[in-house]
Amino acid sequence: MKNIALNIDKVKGFVSEETILAYESKVAEAQKALEEGTAPGNDFLGWLHLPSSITKEFIEEIKATAQVLRENCEVVVVAGIGGSYLGARAIIEALSNNFAAFIGDKKNPTVIFAGHNISEDYLSELTEFLKDKKFGVINISKSGTTTETALAFRLLKKQCEDQRGKEMASKVIVAITDAVKGAARITANKEGYKSFIIPDNVGGRFSVLTPVGLLPIAIAGFDIEALVNGAQDMEKATAPTVPFTENIAAMYAATRNALYAAGKKIEILVNYQPKLHFTSEWWKQLYGESEGKENKGIFPASVDFTTDLHSMGQWIQEGERTIFETVLSIEEPNSSITVPSDEENLDGLNFLAGKHVDEVNKMAELGTQLAHVDGGVPNIRISIPKLNEYYLGQLIYFFEIGCGISGYVLGVNPFNQPGVEAYKKNMFALLDKPGYEEESKAIRARL
Ligand code: PA5
């Protein structure tokens, strides 16, 4: 089986190969710190050897729970936010039919998401949508106390019990949370829900290969064994024993740090497949929350091409030269369609007749890469042989290990997120949450 591949040729006109190779010792130190757990954040390294520690029995347990929901639900709502939802959404959307939401799927329940916003419209429209559906809920929250998720779950639990009865509700509601603490755990124990534990040493954004990602993905009908196999193979391919220049995660971490040091402060993750939109959202959280601290860090952005070439293309081609691109390039499409010939040829497209649409897409990709490089935008390419579970598993682990190495090379703790508390404190003060009396007074004085 091939591996995903990294190509940094189109970076070398901006930072020299020597500059990138000079990161070898820093990268090796970062890898050593990860392996030995000697750097800040060392209590959150459970993801590092997670793929190789996943057993057949564990996969079977996930599949058995998935089967209960598959048999009893038309719709499964995943309630979670940030690391407790983006991984599952990324993989499910990458593997699903582009029109799944409209076609409906007779074989698999539809997996939808909630608990990642506080929109009254979203939640009331969700309630309306679910009112004649046999639905189940996966309540995912490591802390078990996240407001967005808890709010959605409160509504979903009540609706599920009202519609399906308490007994069925306790069968089709699953909790994925801490082993002992938090409201999600307490409720699960009280109501007798099937539950899974998010390991203490795996942070939310690194948790897609725990039940957080695996259960929703299995419910949606995808092969979690292949996903895990891909991650396991990438764990081997990026081990510290693999020589620097052959280790794609080490080279990715070195290249992006070299670009950052050369003034390229924004990394744009590019795809040419709309199904990868949420893969970019997952990646943005992974890198943004891991590296953006202490007034440092590459700003992770994303675009969907060729769509966004008609909106953001101008900025990328000619705007401030502080960006670089990392392109996710899918080598082979899963379906096939060719451009038909047209007698009148009014659109002038007969020169494309008989060609696969993917060939046109690939030439757009190549043409864009060269144009952007000419315009001063360094380009990294990640080639993915096919969009399937196995290669997505590889991609997940590649980005996770690349992030751990890159964060340590940058000199931050990639495994905390102190900055996300600031908005919560203000929101609770403004909502007069008990215990926030002093903050409430202080914040009101500022309004
Ligand atoms: O990566 C993280 O730690 C965060 O994005 C969390 O996943 C997110 O805030 C949700 O937290 P919780 O799972 O505790 O509800």
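Helices (H or I, at least four residues) and strands (E, at least two) are DSSP runs, numbered from the N terminus. This is a predicted model, where local features need pLDDT of at least 70 and side-chain atom pairs count only at pLDDT 80 or more, while totals for chains, interfaces and linings use all residues. Residues are numbered from 1 along each chain as its sequence is written, and side-chain values use heavy atoms, with hydrogens and water left out.

**Stop 1: the mixed sheet**

Select Glu267 and Phe324: Glu267 sits opposite Phe324 of β9. Now extend to their strands, β7 (residues 266–271) and β9 (residues 323–332), which pair in the parallel sense over six bridges. Zoom out to the open sheet of five strands, ordered β1-β10-β9-β7-β8 with mixed pairing. Its edges are β1 (5–7) and β8 (299–304); each has a single partner strand, so one side of each is left without a neighbour in the sheet. On average, neighbouring strands here are turned by 20° against each other, direction ignored (axes are lines fitted to C-alpha atoms, for helices over the stretch in contact, and angles run from 0 to 180 degrees between N-to-C directions).

**Stop 2: the parallel sheet**

Select Val77 and its bridge partner in β4, Val137. Their strands, β2 (residues 75–79) and β4 (residues 135–141), pair in the parallel sense over five bridges. They belong to an open sheet of five strands, β3-β2-β4-β5-β6, with parallel pairing. Which helix lies across β2, β3, β4, β5 and β6? Show α11 (residues 211–219), which runs at about 165° to β4.

**Stop 3: the ligand**

Finally, select the ligand and the 13 residues around it; Ser84, Ser141, Ser143, Thr146 and Gln285 come nearest. Here "near" means a heavy atom within 4 Å. The shell divides into one nonpolar, nine polar and three charged residues, with Gly counted as polar and Asp, Glu, Lys and Arg as charged.

Now look for polar contacts, pairs of N or O atoms within 3.5 Å:

- Thr146: a side-chain N or O atom is 2.5 Å from a ligand oxygen.
- Ser84: the corresponding distance to a ligand oxygen is 2.6 Å.
- Glu289: a polar side-chain atom lies 2.9 Å from a ligand oxygen.

Methods: Polar contact = N/O pair within 3.5 Å; in protein donor to acceptor, adjacent residues only side chain to side chain. Pairing = 2+ DSSP bridges. Contact = heavy atoms within 4.5 Å.
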